[in-house]
Amino acid sequence: MSQVQVADRLQGIQEYYFSKKLREIESLNREGKNIINLGIGSPDLPPDPAVIATLYEEALKPGQHGYQSYKGAAAFRQAIADWYKKWYGVDVAPEKQILPLMGSKEGIMHICMTYLNPGDQVLVPNPGYPTYASNVALTGAEAVTYALTEENGWEPDFEKLEKLDFAKIKLMFVNYPGMPTGRAASRELFEKLIGFAKRHEILLVHDNPYSFILNDHPISLLSVPGALEVAIELNSLSKSHNMAGWRLGMLLASEQRILEILRFKSNMDSGMFLPLQLAAAKALTLDKDFHDGINKIYSERRKKVEALLTLLDCRFDKSQVGLFMWAKISAKYKDGYQLADEVLYGADVFITPGGIFGSEGDKYIRISLCGDISRFETAIARVEKMQQAQN
Ligand SMILES: Cc1ncc(COP(=O)(O)O)c(C=O)c1O
C-alpha cells in the first residue's frame with residue numbers, strides 16, 4: 001500500500017450512513033438473517049411502460065449513442081418546461097432556465113462547487129437530507145444548521161434566523177415537502193423564504209423531489225413572483241416517476257445562474273444518454289392517472305406503517321406527505337438509534353433512526369413506504385413476536 005493519503009477535504013466526511021448500514025445488513029443476511037429494510041426511499045414500483053418503450057425504441061436507433069449537449073437535450077428541456085407549467089403553474093424558458101441533471105443529488109454538489117469558497121457559510125435544515133451538509137463541507141465552507149422542530153410545524157423559525165450574522169452566509173438549502181419530516185409545502189412559507197433571501201441577499205436552493213407523493217397540490221418555490229432573482233429549484237424523476245436508478249433530475253434557475261453552474265458541470269460530465277433523456281421527456285407527459293395509481297398503493301402501505309408505528313408506541317402526524325413516515329419515539333427510548341437497534345437485532349427489521357438527519361431528529365424514526373405491502377405485514381408480525389418475547 002502506498003503512503004498516499006486522502007485529501008484534506010475528506011477529513012470529517014464520513015461514508016454515507018446508508019452505505020455503511022447496508023453493508024451491515026448484507027452481512028447479517030449472509031449469516032442467515034432475512035432483514036426487512038424499511039429504511040431506504042428507493043421506489044420499488046416500475047416506471048410507466050410507455051417510458052420504458054421510449055428508452056428501448058430510442059436506444060435501437062443508431063444515431064443516438066454519441067455525446068450529448070452539456071445543457072441537455074432540447075426535447076427534455078422542453079418537456080421540463082411544459083411539466084412545470086402544467087403542474088406548478090410556473091413559466092420557465094426551456095433554452096435558458098433549465099439544466100437537466102443526473103438526479104438532484106448531483107445538483108446539490110454542482111451548486112456547492114459553483115458558489116462556495118472555504119470560509120463561506122450555508123444554512124442547512126436540521127433535520128434534513130445529509131447531503132446538503134456533507135457537500136458544503138467538501139467545498140471547505142461551513143454548514144450552519146437551522147432547527148426544524150415539531151413545535152414550529154417543521155418550518156424554520158424566522159425570528160431566530162433574522163438574528164444571525166449574515167456576513168459569511170451565502171446560501172440556504174430548503175426542502176418542502178420536507179424529508180424526513182413529511183411537512184407539506186405552503187405558499188405562505190415559500191413567500192416568507194423568498195422575502196428572507198432577498199432581504200439578506202442569499203441564494204436560496206429549494207430541493208423539491210417529493211411534491212408528487214401522497215400530496216394533492218404540488219407547489220414550486222418558483223411560483224412566487226420574483227423567485228428566480230434569488231432562488232434555484234432542484235427537482236427529480238426519482239420518486240415522482242419511479243425512476244431513481246435512471247438518475248434523472250433538473251435544476252431551474254435564472255439564465256445567469258445556469259451559465260455559472262454549467263462552468264462547473266461541463267467540466268464534470270459530458271451529458272446524459274439521449275434515449276434516457278427522451279424517455280424522461282415521455283415520463284413528464286404522464287397525466288394524473290399515473291400519479292393517482294402510485295399514490296393509491298402508497299396510501300395502502302401507509303396504513304400498515306401507521307399500524308407498525310403504533311405498535312412501536314410512536315406518535316406521528318397524519319397530515320404528512322412524501323415517501324416516508326416520520327414519527328416521535330416513546331419516552332422509554334433514549335433516542336431513535338436505540339429503538340432502531342432494538343428492532344433490527346430483535347425483529348430483523350431495519351428502520352432509520354431520525355438522528356442521522358441531524359440532532360433535532362434524535363427522538364424520531366423514519367420509515368420508508370417503499371416495498372411490497374407484504375413486507376410491512378411481516379414486519380408488524382415480527383415486531384409483535386419480539387414484544388411478546390420481551391413481556
Ligand atoms: C431531500 C432529497 N433530496 C434529493 C434526493 C436525491 O434525489 P435524486 O435521486 O434526484 O438524486 C433525495 C433522495 O433520497 C432526497 O431525499
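View 1. Buried means under 20% relative accessible area, exposed over 50%, and partly exposed in between (1.4 Å probe, protein chains only). In a regular strand, side chains alternate between the two faces of the sheet. Strands (E, at least two residues) and helices (H or I, at least four) are DSSP runs, numbered from the N terminus. β2 pairs with strand β8 (residues 249–252) in the antiparallel sense, over four bridges. Pairing requires at least two DSSP bridges between the strands. Leucine 99 has leucine 251 of β8 as its bridge partner.

The model is predicted: local features need pLDDT of at least 70, side-chain atom pairs count only at pLDDT 80 or more, and totals for chains, interfaces and linings use all residues. Residues are numbered from 1 along each chain as its sequence is written, and side-chain values use heavy atoms, leaving out hydrogens and water.

**View 2. Helix α12 and its cover.** Helix α12 (residues 373–390) has 18 residues. From first C-alpha to last, α12 reaches 26 Å, close to the 26 Å expected at 1.5 Å a residue. The expected span is 1.5 Å times one less than the number of residues. Phe376, Ala379, Ile380, Val383 and Met386 are the buried residues of α12. Seen down the axis, they fall within an arc of 125 degrees, so they line one face of the helix. The arc is taken from the directions from the helix axis to the C-beta atoms. Lys385, Gln388 and Ala389 are exposed, on the face turned away from the buried side. The cover over the buried residues includes β1 (36–37), α10 (288–311), α11 (336–347), β11 (349–350) and β13 (364–368). Contact here means heavy atoms within 4.5 Å.

**View 3. The ligand site.** 14 residues surround the ligand, each with a heavy atom within 4 Å of it. The closest are Ser104, Asp207, Tyr210, Ser236 and Ser238. A polar side-chain atom of serine 238 lies 2.6 Å from a ligand oxygen atom. For arginine 247, a polar side-chain atom lies 2.8 Å from an oxygen atom of the ligand. Lysine 105 places a polar backbone atom 2.8 Å from a ligand oxygen atom.

**View 4. Glutamine 320 in its loop.** Glutamine 320 sits in the loop between β9 (315–316) and β10 (324–328). At 4% relative accessibility, glutamine 320 counts as buried. A polar atom of its side chain lies 2.8 Å from the backbone nitrogen of tryptophan 326. Glutamine 320 touches Thr181, Gly182, Arg302, Met325 and Trp326, not counting residues up to four places away in sequence.

Terms used: A polar contact is a pair of N or O atoms within 3.5 Å; within protein, one must be able to donate a hydrogen and the other to accept it, and residues adjacent in sequence count only if both atoms are side-chain atoms.
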